[in-house]
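Here are a few notes for you to read alongside the model. Keep the structure open and find each spot as you go.

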Amino acid sequence: MGVAIGVDTHKGSLAAAAVDGLGRILGAREFRNDPAGHRALLEWARGQGEPRTIGVEGSGTYGAGLARVLASAGEEVREVPATLTYRERRRKGSQGKSDPVDAVAIARVVARDGDLPSPRRVQALQDLKLLSDHRDQLVRSRTQVANRIHHDLVVLRPGYERSVPNLVGGRHLSQALSLLRGDPSVRAQLVRQRIGELRRLGREIAQTKAHIARKVKESGTTLTELQGIGPAIAARFLGEVGDVARIRSKPAFAAMAGTAPLVASSGLTHRHRLNRGGNRQLNYALHYMALVRYRSDEETRAYIERRRAEGKSFKEAIGEHGCRERAR
């Protein structure tokens with residue numbers, strides 16, 4: 001390749017460095033992270049030679065505006081994961097850490113790695129994480145409102161559960177409202193308002209789920225072809241993992257997801273315990289997949305029951321199955 005340019009992005013500043021194909025420094029500068037700074041960086045980059053590739057660390061966050069300007073100007077832009085920058089910087093540990101040093105490290109990653117993702121791909125993955133987090137927040141809000149309604153209905157209409165089995169379905173919410181017909185009390189008025197809020201949250205959750213399903217389909221992922229993974233879980237996987245290039249190996253992924261078992265041996269007893277660390281959202285996605293497969297897949301059920309017969313708890317057996325599926 002010709003010239004590789006690396007950009008380390010921050011809220012108010014951008015550090016840029018250019019290297020040749022052998023990683024030798026051609027130049028370095030710092031710019032403001034604003035429209036004027038973006039234009040100045042583009043002009044500087046064009047003076048470094050051709051062909052060139054510009055790597056931006058943080059193209060979905062502090063570097064999003066710069067990435068858009070560069071792409072609109074016809075530049076070849078790539079996202080450089082922070083983990084790759086860290087590894088490159090460790091190779092030159094005596095240099096310490098600073099924005100210019102990081103920019104050089106990013107540029108050298110670009111010069112060496114021709115398979116870096118585009119900012120558009122990174123943005124698509126970040127969109128899935130944002131949508132997944134938003135859906136989870138909506139579901140938590142719906143649960144809180146439903147719990148409040150349940151508390152009030154127990155006071156207003158003891159035994160209401162016999163005619164209203166849940167506070168999710170539209171028919172059941174209508175039945176709950178009918179129980180309050182003619183009740184002018186403040187508590188009843190609040191329940192009516194909260195049921196309206198519950199319905200609004202239900203509609204927003206449904207819209208978000210549909211949006212997630214469309215985004216997952218657009219991503220081209222094959223995760224949904226695996227048994228136990230629907231659009232919501234696939235979105236969580238993609239959003240939390242992001243660019244897979246930043247994960248060195250299967251054990252590294254296990255550590256990231258908190259599925260790598262921890263040694264808990266003592267004396268003649270040799271065993272492992274569940275890992276409570278790692279990315280808990282990713283861990284939950286793996287756990288949910290294992291639960292679905294336990295209910296629907298005979299091979300999975302046989303494996304878990306076999307582990308339980310060996311003395312494992314159900315939670316331990318499910319966790320081990322999630323690790324097993326992750327390693328495939």
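1. Start with the crossing of helix 5 and helix 8, which is left-handed (the near helix is turned anticlockwise from the far one by less than a right angle; clockwise would be right-handed). The touching residues (heavy atoms within 4.5 Å) are Leu125, Leu128, Lys129, Ser132, Asp133 and Asp136 of helix 5, and Ala235, Arg236, Leu238, Gly239 and Glu240 of helix 8. Sorted by class, that contact has four nonpolar, two polar and five charged residues.

2. A word on where this comes from: the model is predicted, with local features needing pLDDT of at least 70 and side-chain atom pairs counting only at pLDDT 80 or more, while totals for chains, interfaces and linings use all residues. Residues are numbered from 1 along each chain as its sequence is written, and side-chain values use heavy atoms, leaving out hydrogens and water.

3. Now the geometry: helix 5 (residues 119-156) and helix 8 (residues 231-241) pack at an angle of about 125°, and their axes are 7 Å apart.

4. Next, have a look at arginine 236, in helix 8. Is it buried or exposed? At 4% relative accessibility, arginine 236 counts as buried (under 20% relative accessible area; exposed is over 50%). Arginine 236 touches Lys129, Ser132, Asp133, Asp136, Gln281 and Ala285, leaving aside residues up to four places away in sequence.

5. Last one: the peptide bond from glutamate 50 to proline 51 is cis, with omega near -15°. Most peptide bonds are trans. Proline 51 sits in the loop between helix 1 (35-46) and strand 4 (52-57).

Definitions and conventions: Axes fitted to C-alpha atoms, helices over the stretch in contact; angles between N-to-C directions. Helix = DSSP H or I, 4+ residues; strand = E, 2+ residues; numbered from the N terminus. Nonpolar A, V, L, I, M, F, W, Y, C, P; charged D, E, K, R; others polar. Buried < 20%, exposed > 50% of the residue type's maximum accessible area, 1.4 Å probe, protein only.
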